[in-house]
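Work through the exercises below with the sequence and the structure at hand, and try each task before reading its solution.

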Amino acid sequence: MKFSIILLALFASLAAFGQKNIDPTESKIFLDGFDPVSYFEGAAHKGLPSIHFSYKNREYHFESQAHLAQFKANPEHFLPQYEGWCAYAMAKSGDKVKVDPSSFSIYQDKLYLFYKNPRTVTRDLWKADEPRLKIQADKNWTK
């Protein structure tokens with residue numbers, strides 16, 4: 001009984017962080033269902049499965065018909081850099097690292113996603129030196 005209470009507390013504390021790092025290639029629903037247009041409005045919001053669009057063999061969800069229309073008009077603008085892999089990891093090592101789709105930055109009108117866990121928020125590390133890290137990430141991505 002005591003062990004199950006400890007386990008329950010552990011899972012509850014992990015859930016409280018809300019952290020879920022995803023592999024951008026593992027699901028046909030891209031960004032774990034987050035609306036790609038919402039990032040450019042300053043917040044990551046889940047889209048609705050009923051408002052969806054397929055582009056380049058991936059399904060995108062949107063929180064409104066207006067966001068869907070914006071995406072359809074220029075889908076490449078709204079896609080994350082490095083095909084959705086962690087921008088900080090791309091800069092530091094060139095590795096493809098899973099991301100938490102709620103951890104993002106808009107820099108020079110481009111979307112960047114980041115890995116996150118309770119001890120490390122790579123978005124904060126990225127934002128501390130965005131110009132230099134973007135240059136390095138772009139170089140590593142082309143390799």
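**Exercise 1. Determine how many helices and strands the protein has, and in what order the elements run.**

Solution. In this predicted model, the secondary structure comes to seven helices and four strands. Reading from the N terminus on, the elements follow one another as α-α-β-β-α-α-α-β-β-α-α.

**Exercise 2. Find what share of the residues is buried and what share of the accessible surface belongs to carbon and sulfur atoms.**

Solution. The protein has 143 residues, and 38% of them are buried.

**Exercise 3. Locate P80, decide whether it is buried or exposed, and list its contacts beyond its neighbours within four places in sequence.**

Solution. Begin with the chain, where P80 lies in the loop between α4 (75-78) and α5 (87-92). Next, take its relative accessibility, which is 8%, and because buried means under 20%, P80 counts as buried. Then, with neighbours within four places in sequence set aside, P80 is in contact with F30, L31, L111 and L113.

**Exercise 4. Describe the largest pocket by its volume and its lining.**

Solution. The volume of the largest pocket is about 260 Å³. Of the 13 residues in its lining, K56, E76, L79, P80 and E83 are the closest to the centre. Sorted by kind, the lining holds seven nonpolar, two polar and four charged residues.

Conventions
Residues are numbered from 1 along each chain as its sequence is written. This is a predicted model: local features need pLDDT of at least 70, side-chain atom pairs count only at pLDDT 80 or more; totals for chains, interfaces and linings use all residues. Side-chain values use heavy atoms; hydrogens and water are left out. Helices (H or I, at least four residues) and strands (E, at least two) are DSSP runs, numbered from the N terminus. Buried means under 20% relative accessible area, exposed over 50%, partly exposed in between (1.4 Å probe, protein chains only). Accessible areas come from the Shrake-Rupley method with a 1.4 Å probe; for residues, only the protein chains shown count as cover. Contact means heavy atoms within 4.5 Å. On a 1 Å grid over the protein atoms alone, a cavity is a set of points where a 1.4 Å probe fits but cannot get out, and a pocket is an open set with protein on both sides within 12 Å along at least five of seven lines; lining residues have an atom within 4 Å of a point. Grid points are joined across faces, edges and corners, and a volume is the space filled by probe spheres set on the points. Ala, Val, Leu, Ile, Met, Phe, Trp, Tyr, Cys and Pro count as nonpolar, Asp, Glu, Lys and Arg as charged, and the others, Gly among them, as polar.
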